[in-house]
Amino acid sequence: KLVSKKWKAKPTSIDLGDGVFIKDGEMAIITGPCSIESEEQIRKVVAHCVENGIRMMRGGVFKPRTSPYAFRGMGIDGLKLWHSIASEAGIKIVTEVMQTSQIEEMYPYVDIYQVGARNSQNFNLLDELGKVDKAVMIKRGISGTIEELLQSAEYVFSGGNEKLILCERGIRTYEKASRNTLDLNAIPILKAKSHLPVIVDPSHGIGIRSYVPQMALAGVMAGADGVIYESHEIPEKAYSDGQQTLDFAQSTRLAAWIRESFAMR
Ligand code: PEP
Ligand code: MN
């Protein structure tokens, strides 16, 4: 496979511009709400990122929701608004693309296209992202194997887009005490098998706010090249995933811990 270390030994480095990288040997921190909700919320999270030296912000404008009646996101207008505020602050945007028709309209406003767990094997979407000149982060499928994640990455890479990031976000197991089971094993295995950077998502991985920090640090120690986690000024009021979202004080602490842990690794 083209994404395998056998084909390319040198780790792939993702250059997002303005000195922002996702690469082996650095620790990427990406934070922000599950959903982009309002201009006020965007401004608050951008300010939080700036205060903590975090250069990448996550947030969904097209949300895959289990219930069709749940908040589905602000859409492309929300993304445009977000981009105008974030780019001024030097913050890069990580956001989910749900279907091929959104790729082009999103293109000027996104720095990393996120492929969500539910679309991890949407092969038409992966084919189209293979033709794009912009970074793509693929999340592991809800019941996806490591091999399936690598094959999904292969779709994009073989299409010509080598700016790829893998994300472990937990898998569905028989265990119901947590939302998902964060598969820490996947991190060293993916790093050994592939030259692509690997990011850990402890928020979706465990789904319980108070346990997110330790799972984030476990992911760092397991060898992740970055952490993506959910944060919000008032998590209890978040439109989605509030139960696993950190408030700004918790996020500030976690960002410092991530950096300290990485320095010790
Ligand atoms: C998200 O990042 O908010 C999200 C929907 O993630 P996942 O696709 O991993 O469930
Ligand atoms: Mn979420």
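**Exercise 1.** Which residues are buried in α2 of this predicted model?

*Solution.* 
- Start with the extent: α2 runs over residues 75–88 and has 14 residues.
- Check its length. From its first C-alpha to its last, α2 reaches 21 Å, close to the 20 Å expected at 1.5 Å a residue.
- Apply the cut-off: a residue is buried if 20 or more other C-beta atoms lie within 10 Å of its own.
- In α2, Gly78, Leu79, Trp82 and Ala86 are buried.
- Look down the axis of α2. These buried residues fall within an arc of 95°, so they line one face of the helix.

**Exercise 2.** Find what lies on either side of α2, and what follows the helix.

*Solution.* 
- Take the buried residues. They pack against α1 (39–51), β4 (56–58), β5 (92–96) and α3 (100–106).
- Turn to the face away from the buried side. It carries Asp77, Ser84 and Glu88, which are exposed.
- Gly90 follows α2, and its phi is positive, near 75°.

**Exercise 3.** Is Thr145 buried, exposed or partly exposed?

*Solution.* 
- Locate Thr145: the loop between β7 (135–139) and α5 (146–158).
- Count its neighbours. Thr145 has 13 other C-beta atoms within 10 Å.
- Compare with the limits: 20 or more means buried, 12 or fewer means exposed.
- Thr145 is therefore partly exposed.
- Ile171 is 26 residues from Thr145 along the chain, and their C-alpha atoms are separated by 8.7 Å.

**Exercise 4.** List the residues around ligand 1 and sort them by class.

*Solution.* 
- List: Cys34, Gly60, Pro64, Gly116, Ala117, Arg118, Lys139, Arg169 and His204.
- Sort: the shell has three nonpolar, three polar and three charged residues.

**Exercise 5.** Which residues does the UniProt domain annotation cover?

*Solution.* 
- Read the record. The unreviewed UniProt entry annotates residues 23–262 as "domain: DAHP synthetase I/KDSA".
- Turn to the model. The end C-alpha atoms of this span lie 13 Å apart.
- Note its make-up: 38% helix and 15% strand.

How values were computed:
Residues are numbered from 1 along each chain as its sequence is written. Chains are lettered from A and ligands numbered from 1 in the order in which they are written. This is a predicted model: local features need pLDDT of at least 70, side-chain atom pairs count only at pLDDT 80 or more; totals for chains, interfaces and linings use all residues. Helices (H or I, at least four residues) and strands (E, at least two) are DSSP runs, numbered from the N terminus. The expected span of a helix is 1.5 Å times one less than its number of residues. The arc is that of the directions from the helix axis to the C-beta atoms. Two residues are in contact if their C-beta atoms, placed from the backbone, lie within 7 Å. UniProt positions are given in the numbering used here, feature names are shortened, and annotations may be inferred rather than shown by experiment. A residue is near a molecule or strand if its C-beta atom, placed from the backbone, lies within 6 Å of it. Ala, Val, Leu, Ile, Met, Phe, Trp, Tyr, Cys and Pro count as nonpolar, Asp, Glu, Lys and Arg as charged, and the others, Gly among them, as polar.
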